[in-house]
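Hi,

Here is the structure I promised to pass on.

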Amino acid sequence: MTLSHERGLESPFALRHYLTLITVVIIAGMNQGLLLPLLTLLLDKTGVSTGVNGLNAAALYIGTFATMFWIEKPVRRFGYKPVIVGGILIVLVTLLLFPLFPNFWVWLVLRFMVGVGDSGLHYATQLWIVSRSPADKRGRYISLYGMAYGAGFSLGPLGINLLPYGMWAPFLATMLCTAVSLLFVSRLPNALPETVKRGQEAQAAATYPAVFRLAWYALLTSFLYGYMESSMNSNFPAYGLRIGMSDTWISLLLPVIGIGSLILQLPLGVWSDRWGRKPILMAAGLIGGAAFAAVPFAAQGNLLLVLILFGLAGGLVGSFFTLGLAYAADVVPKAVLPRTNVIASVLFSIGSITGPNIGGFSMQYFSVHSMFYWLGGAYVLFALLGLWFRPKAP
C-alpha cells in the first residue's frame, strides 16, 4: 500500500515507511518522557533547589530553540532522512554520557545536545507529514504523529522504576531503544521538501513576522504545549515530593497526561477536520485549563481525582502542538510551510524554556501549587483569544 501525493503522503512513501517514522517518533518520545523527570529526581535528591533544577531542565529546550535558526536549510538541501539520522545519533551519544558524568554542569551541556538532536528529528518528521497531507485529512494524519509521540512520552517515565537496579539501568534501556530506532530509520528512502514553483517565490521569501501574523493563533498552540510538557515533566516530580507523593505515584501520574492525549488525539483530529480546528482548540483550551487549575484543590488528599484531572487535561491539550500545525497549514500558503514549522518549533522551545523556570521559581518563592495556576490561566486565556482571530484565506 502506498500513500500517494494525491491521497496522502507523497509517493514513494509507502505505508511501511510511514509506520517506521511513527515508531521512531514513539522512541523519541520515550527518551524525552524519561529524561525530564529522571534527571529532575536525581538532581533533587542531591539537594538542588527547584529553581536551579528548572534552569537545568530548560537547557534541553534552549538546544531545541537554537537549532531552529539553521535547521530549515539542511532539510531543504539534504532531505528529511539525513537530518533524522543525525538527530538520533546525537541523542544516542548523550544518553551514554549522562551516567558517565553525573555532574550538574555536564548534564546542562548534555541536555542542550539532546535538545539539538530531538529538534532536528521532530522538525523533519513533522514537516514531512504536514506538507504532504491533504487538507481534509490533515488533522487525523498529524494526530497519528502526535499519538505516537504521546505513547512514547507516556511510557518514558516508567523507566524511573529501573533506578533500584542502579543509575545506569534507565539510561541503558533508553539507549537500546534509540539504537533500534536508528536501524529502522536507516531503511527509509530519502525525500526532499517540495521545491518552490514559479510564482511562489514571493510567498516562500515571506519574513518570519509576516508568516506569524497570518497564523499567530494556530502557532500559539506550540508555545502552550511546550510550556505544559516541560513544566509537568520538570516541575511536577519536585511538586510531588514536596506534597508528600512517593516516587511510584509520581511515575504513575505523569504518564496519565500522555494516556489522556492518546485517547483523544485522533478523535480531536477527526473532529477538527469535520467542524473546524479553531472551535475544537478553543473548547479544548477552556476545559483543559479548568482541569489544570483544579489540581491544587484535589492534591490535598485525593490522588485519584488528580489522576482523573490529569487524564482530562492531557486528553484535551495534549493535541495542541499537532492540531496547531494542522491549523497553521490550513491558513498559510504551502510554500511557507517550512518557515511556519520553524516558527512553531521556536515557540515550542520558548514555552519549554519558560515552563520549568516560571514553575520552579514560583513554587520556590510563592506557592507550591502555583505551577497549576499558571497552566490553567494560560489555556483559558488562549481560548478567549480565539474570539479575536480571523484567518485570511491562503
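Helices here are DSSP runs of H or I with at least four residues, strands are E runs of at least two, and both are numbered from the N terminus. At 48% relative accessibility, Val93 counts as partly exposed, because that class lies between buried (under 20% relative accessible area) and exposed (over 50%), with a 1.4 Å probe and protein chains only. Its C-alpha atom is separated by 18 Å from that of Phe184, 91 residues apart along the chain.

Before you go further, note that this is a predicted model, where local features need pLDDT of at least 70 and side-chain atom pairs count only at pLDDT 80 or more, while totals for chains, interfaces and linings use all residues. Residues are numbered from 1 along each chain as its sequence is written, and side-chain values use heavy atoms, leaving out hydrogens and water.

Now the whole chain. The protein chain has 15 helices and zero strands. Its radius of gyration (taken over C-alpha atoms) is 20 Å, close to the 21 Å from the globule rule for 394 residues, so the chain is as compact as a globular protein of that length. That rule is 2.2 Å times the number of residues to the power 0.38. The C-alpha trace spans about 60 × 45 × 35 Å along its principal axes, and buried residues make up 59% of the 394. Of the contacts (heavy atoms within 4.5 Å) between residues at least 6 apart in sequence, 86% join residues at least 24 apart.

H10 passes H12 in a right-handed crossing, meaning that the near helix is turned clockwise from the far one by less than a right angle. Among the residues making the contact are Trp249 and Gly260 of H10, and Phe310 and Gly314 of H12. By class, this contact of H10 with H12 has 11 nonpolar, five polar and no charged residues. Here Ala, Val, Leu, Ile, Met, Phe, Trp, Tyr, Cys and Pro count as nonpolar, Asp, Glu, Lys and Arg as charged, and the others, Gly among them, as polar.

Cheers
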